[in-house]
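Please look over the sequence and the fold below, and then follow the account through the elements, the helix packing, the cores and a few backbone details.

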Amino acid sequence: MGTHPAFGKVTRRAAMRGLAALFAAPLIGGAPRAVRAAGGPAVAYMKSRVKNDLFAAARAKTTDSFLRAINRHADLDAIARYSLGTYSSRLTPPMSNRLRRGVAGFMARYFAIQANDYPVVRADFLGEYPYGEDDVVVQTRIQLKSGASYSVDWLMSARGHGYKIRDVRVYGLWLSPFQRALFTRYIAENGGDLTALLAALRV
């Protein structure tokens, strides 16, 4: 099943900012505070658990490799619900499962497509700071093969003995609003029907 043309347009625009080498996902917390030491627990988790999976996906440049990393490390339930905006109240439990799969596949497909254009060679971890009451932001500097580099902030939420990625900020912009605008516009264009979005997401 094909994908609505607007999906590709928004994603390519984001990719031009270097987003395609990274995750996409949501939820805005409180105002940022002073950076904490580089050796905080969220930084340690990113280094030991997340970094290798992301680099493996970037090297493989396949949908399946990105999908594995997304399923393992992204807070897909929060991401999927946030992406619906005001339409989230219409989500039923069976639809929630489909939406979760659809969001993961959507992100994985486009990261795989764009990975060739933004090859990452190094990620430097700069520190972390609290963000709101329950979240933490991990600050990194991403180095591309071209020699270009840019700052990336990862919004992390504690889950069990680890963390899940809820959003990513590149060049000062959180990625979640791009995805939410894309999804909610598509739902609105289809009369508020959530199943139309699910069909476009191929689930």
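Helices (H or I, at least four residues) and strands (E, at least two residues) are taken here as DSSP runs, numbered from the N terminus. The model is a predicted one, in which local features need pLDDT of at least 70 and side-chain atom pairs count only at pLDDT 80 or more, while totals for chains, interfaces and linings use all residues. Residues are numbered from 1 along each chain as its sequence is written, and side-chain values use heavy atoms, with hydrogens and water left out.

The protein contains seven helices and five strands, and along the sequence these follow the pattern α-α-α-α-α-β-β-β-β-β-α-α. Of its 203 residues, 53% count as buried, where buried means under 20% relative accessible area, exposed over 50% and partly exposed in between, with a 1.4 Å probe and protein chains only. The accessible surface comes to about 9,500 Å², and 52% of that surface belongs to carbon and sulfur atoms (Shrake-Rupley method, 1.4 Å probe; for residues, only the protein chains shown count as cover). If contact means heavy atoms within 4.5 Å, then among contacts between residues at least 6 apart in sequence, 67% join residues at least 24 apart.

Just after α4, Gly 85 takes a positive phi of about 60 degrees.

How do α4 and α5 pack, and at what angle? Helix α4 (residues 76-83) and helix α5 (residues 93-114) meet at an angle of about 95 degrees, with their axes 9 Å apart; the axes are lines fitted to C-alpha atoms, for helices over the stretch in contact, and angles run from 0 to 180 degrees between N-to-C directions. The two helices are therefore roughly perpendicular to each other, given that 65 to 115 degrees counts as roughly perpendicular, under 35 as roughly parallel, over 145 as roughly antiparallel and the rest as oblique. On the α4 side the contact involves Leu 76, Asp 77, Ile 79, Ala 80 and Arg 81, which meet Ser 96, Leu 99, Arg 100, Val 103, Ala 104 and Met 107 of α5.

The largest nonpolar core has 31 residues, and those with the most contacts inside it are Ile 70, Leu 84, Leu 99, Val 103 and Leu 197; such a core is a set of buried Ala, Val, Leu, Ile, Met, Phe, Trp, Tyr and Cys residues joined through side-chain atoms within 4.5 Å. Helices α3 (63-73), α4, α5, α6 (176-189) and α7 (194-200) each supply at least two residues of this core, and α5 gives the most, with ten residues. Apart from this core lies another, of 25 residues, among them Leu 54, Ala 69, Phe 125 and Val 136. Ile 70 lies in helix α3 and counts as buried at 0% relative accessibility, and its C-alpha atom is separated by 9.0 Å from that of Ile 165, 95 residues apart along the chain.

Two backbone details remain. Most residues other than glycine have a negative phi. Lys 61, in the loop between α2 (41-60) and α3, has a positive phi of about 60 degrees although it is not a glycine, and at 30% relative accessibility Lys 61 counts as partly exposed. Arg 202, in the segment after α7, has a positive phi near 70 degrees and is partly exposed, with a relative accessible area of 44%.
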